[in-house]
Amino acid sequence: MRCPFCRHPDSRVIDSREVDDGQAIRRRRSCPECNRRFSTLEGALLSVVKRSGVTEPFSRSKVIAGVTRACQGRPVDPDAIDRLAQRVEETVRGSGQAEVPSPEVGLAILGPLRDLDEVAYLRFASVYRSFTSAEDFAAEIRSMRPEHGHGADHGADREESPDRSPPVAAN
């Protein structure tokens with residue numbers, strides 16, 4: 001590592017520590033030429049390839065911002081959103097790829113978000129999957145039902161079937 005002060009091409013590592021939950025290493029270094037000390041931060045780069053083909057560094061803060069927007073007005077703890085973002089990053093990094101397509105990041109968000117808050121999940125999915133009609137929402141809701149026991153905790157006491165129209169009063 002080149003010294004940032006005298007530009008000497010070599011330096012000695014004095015100390016190394018993990019930071020960012022093990023995602024990076026902070027190294028304290030010493031230059032043998034000028035004897036000054038400096039720190040470096042080393043981490044594995046993770047890039048996201050957008051649909052347009054543009055590549056940008058993975059950003060946990062962008063995941064948090066998107067999920068926070070979907071959770072707006074919902075009773076969701078900000079710490080739960082942070083944990084979700086960490087889980088998404090771990091999933092994406094766990095793929096072993098240096099460049100991950102953006103749809104994979106979206107998919108990594110959908111599962112944990114669905115577990116966190118179904119309304120926020122629908123909001124996020126509507127943007128991610130480009131819903132264009134109420135039928136798109138209805139189809140997504142129908143696809144959610146079997147996994148959750150046909151609404152076991154979400155209105156199972158209702159007598160009315162969601163697929164039937166309410167009765168019409170006779171004249």
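Exposed, for this talk, means over 50% relative accessible area, and buried means under 20%; partly exposed lies in between. Keep that in mind. And note that this is a predicted model.

Salt bridges, then. The count comes to ten. I'll take three of them, plus a network.

Start with Arg-17. Its partner is Asp-15. The closest N and O atoms are 2.8 Å apart. Is Arg-17 buried or exposed? Its relative accessible area is 53%, so Arg-17 is exposed. Asp-15 has 28%, so Asp-15 counts as partly exposed.

Next, Glu-56 and Lys-50. Their side chains meet in a salt bridge, 4.0 Å from N to O. Glu-56 is partly exposed because its relative accessible area is 24%. Lys-50, at 30%, is partly exposed too.

Glu-42 forms a salt bridge with Arg-29, with 3.1 Å between the closest N and O atoms. This pair links distant parts of the chain. Glu-42 sits in strand β3, residues 37-43, and Arg-29 in strand β2; they are 13 residues apart. Strand β2 itself covers residues 24-30.

How do the two ends compare with the cut-offs? Glu-42 has a relative accessible area of 28%, so Glu-42 is partly exposed. Arg-29 has 9%, so Arg-29 is buried.

What else does Arg-29 meet? Its side chain makes a polar contact with the side chain of Ser-11, at 3.3 Å. Leaving out residues up to four places away in sequence, Arg-29 touches a list of residues including Met-1, Arg-12, Val-13, Ile-14, Phe-38 and Thr-40. Arg-36 and Arg-37 are also among them. And the salt bridges go on: Arg-27, Arg-29 and Glu-42 are linked in a network.

Last stop, helix α4. This helix spans residues 118-128. At its start, a side-chain oxygen of Asp-117 reaches to within 3.2 Å of the backbone nitrogen of Val-119. Which residues of α4 are buried? Ala-120, Tyr-121, Leu-122, Phe-124, Ala-125, Ser-126 and Tyr-128.

A reminder on helix geometry. With 3.6 residues a turn, residues three or four places apart in an α-helix point the same way.

Where do the buried residues of α4 pack? Against three helices: α1 at 60-70, α3 at 102-116 and α5 at 134-144. After α4 comes Ser-130, and its phi is positive, near 55°.

To recap. The buried residues of α4 pack against α1, α3 and α5.

Conventions:
Residues numbered from 1 in each chain as written. Predicted model: local features only at pLDDT ≥ 70, side-chain atom pairs only at ≥ 80, totals over all residues. Heavy atoms only, no water. Buried < 20%, exposed > 50% of the residue type's maximum accessible area, 1.4 Å probe, protein only. Helix = DSSP H or I, 4+ residues; strand = E, 2+ residues; numbered from the N terminus. Contact = heavy atoms within 4.5 Å. Polar contact = N/O pair within 3.5 Å; in protein donor to acceptor, adjacent residues only side chain to side chain.
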